Amino acid sequence: MRPRLADVIALLAGALTTLAFEPFALFPLAVLGPAALFLCWRGATARRAAWRGFLFGAGLFGVGVSWVFVSMHTFGNMTAPLAIIATVLLVAALSLYLAALGAAQAWLTRTGTVQYLLVLPALWTLGEWWRGWFLTGFPWLNLGYSQTDSWLAGYAPVAGVYGVSLMCALSAGLLAQWLSDPGRYRLVLAVGVGLWATGAGLTFVEWATPAGAPMQVVLVQGNVALRDKWRIDLREANIRRYVELSRPHLDADLIVWPEAAVPATLEQARPLLAELGQRGRRAHLVLGVIEVNESARTYYNGVVNLANASLYRKQHLVPFGEYLPMPWLFEGFIRQMHIPMSNFSRGAAEQPPFLAAGQVLGISVCYEDAFGEELIRQLPRASLLVNVSEDAWFGNSLAPHQRVQMARLRALETARPMLRAGNTGPSAVIDHRGRTLAKTSAFRAETLTAPVQPMQGSTPYVRAGNLPVVLLSLLLLAVSRWRRR
């Protein structure tokens, strides 16, 4: 393959891989795209392989996380040139992971079955895992998320999203092996059929059992415009909108409002919320609030249950959006954005159980549900997962749909239903098998009602987390080095 042609193919393969994720959900592209990149790496020097990895990343993240520009410019009030520069820098930083992967695989081996079936799947998985925690982590567009509707989803309760990514990358390696050496088709066929058949079989395993009777839940989507949400003169009207949407459903077991649905402190909002407390004899109202400790000058992005005062404080804060890392370096940058309440404190890693409607809820706020290894800290106690979000920051982009798919993967990993309530949507009720039972339209004020079955028990992933798949990837690399010698 001509070098320039291979470079173009790597870039296009990355861009097309974005279509494997929601809202397009063309999950085979998560195998075809990486397979094309693997073939572009065949026989390439470390420098050329790094460049092609960077191009693949530029295509993948340049399309897949283009919503960052919307967040910073449209809603963060950053000037368009600065928002473009910041977005390009983020995409370039994320692409460096794949550049490093390309250089590493060229150093380990350049051709043969060892490269496609051992080195590349292992390095890809370790690269995603590293990106998921380094510098607070950005686990967007991991291959595993694209497989929520494929047979590979069966691996999620066993090894989490990185385990699914490993199987996806191995499938890509098998395809690349077959295309580069058709004579090895028996090996490719045997491993490929075994890989996907095992995943299909795992989808039939029941990892959890019902915990009590089904619950009637209500998710309230107020669709309050971000430009109006924090205006003091509209505070009462914004809260009143959620009150009116909730009023017909006070006989439900659980009502969930989204992140910071009350754009004020809980004390400021109590008079308006008192009406629901008086009328609702059964429903537990769980809502996002801002918790303020005036004496300590601390602010928490939290979730509270008005029925029993259970409280959760967000732990994994968004850099630049909820706190400023290295203020001595980025203070000038953050001045370009006008983000309300952007100086939050971090909640404790271990917090008391969040009780509601006779169940323990596993709470996450905003993109906390992108970090499965953190969410499982609340399990196996929690019988139901609840995520409250403010997706207005993303506008009408790919991000809200990608986040719903992440939530589905969390449900698969934990064998727990997931309730996802967003201000602008889409909000969704997801069962313990990752299937979407009900879903709202985006940018509409509406409520979503559905029966949900709480679950109990532990999946292998809940018990062991990411450690097994990381160790397995390292073992594959060790075997590849031994084979080379």
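**Helix packing and sheet layout**

Helix α2 (residues 29-41) packs against helix α7 (residues 156-180) at an angle of about 55 degrees, the two axes lying 8 Å apart. Axes are lines fitted to C-alpha atoms, for helices over the stretch in contact, and angles run from 0 to 180 degrees between N-to-C directions. The model is predicted: local features need pLDDT of at least 70, side-chain atom pairs count only at pLDDT 80 or more, and totals for chains, interfaces and linings use all residues. Residues are numbered from 1 along each chain as its sequence is written, and side-chain values use heavy atoms, with hydrogens and water left out.

**Helices α2 and α7**

- α2 and α7 are therefore oblique to each other (angles under 35 degrees count as roughly parallel, over 145 as roughly antiparallel, 65 to 115 as roughly perpendicular and the rest as oblique).
- The contact (heavy atoms within 4.5 Å) involves A30, V31, L32, P34, A35, F38 and L39 of α2, and C168, A169, S171, A172, G173, L175, A176, L179 and S180 of α7.
- Of the residues in the contact of α2 with α7, 13 are nonpolar, three polar and none charged (Ala, Val, Leu, Ile, Met, Phe, Trp, Tyr, Cys and Pro count as nonpolar, Asp, Glu, Lys and Arg as charged, and the others, Gly among them, as polar).

**Helices α4 and α5**

- The axes of helix α4 (residues 67-75) and helix α5 (residues 80-108) come within 9 Å and cross at roughly 145 degrees.
- V68, F69, M72 and H73 of α4 meet A80, A83, I84, A86, T87 and L90 of α5.
- The contact of α4 with α5 has eight nonpolar residues, two polar and no charged.

**The six-stranded sheet**

- An open sheet of mixed pairing is formed by six strands in the order β7-β8-β9-β10-β11-β12 (two strands pair if DSSP finds at least two bridges between them).
- β7 (354-356) and β12 (436-439) are the edge strands, each with a single partner, so one side of each has no neighbour in the sheet.
- Ignoring direction, neighbouring strands of this sheet are turned by 25 degrees against each other on average.
- Strand β9 (residues 384-389) runs parallel to strand β10 (residues 418-422), and five bridges join them.
- V388 is opposite A421 in β10.
- Helix α14 (residues 399-414) packs on the sheet and touches β9, β10, β11 (428-430) and β12; its direction makes about 160 degrees with that of β10.

**Whole chain**

- The protein chain has 16 helices and 14 strands (DSSP runs numbered from the N terminus: helices are H or I, at least four residues, and strands E, at least two).
- Along the principal axes, the C-alpha atoms of the protein chain fill a box of roughly 75 × 50 × 35 Å.
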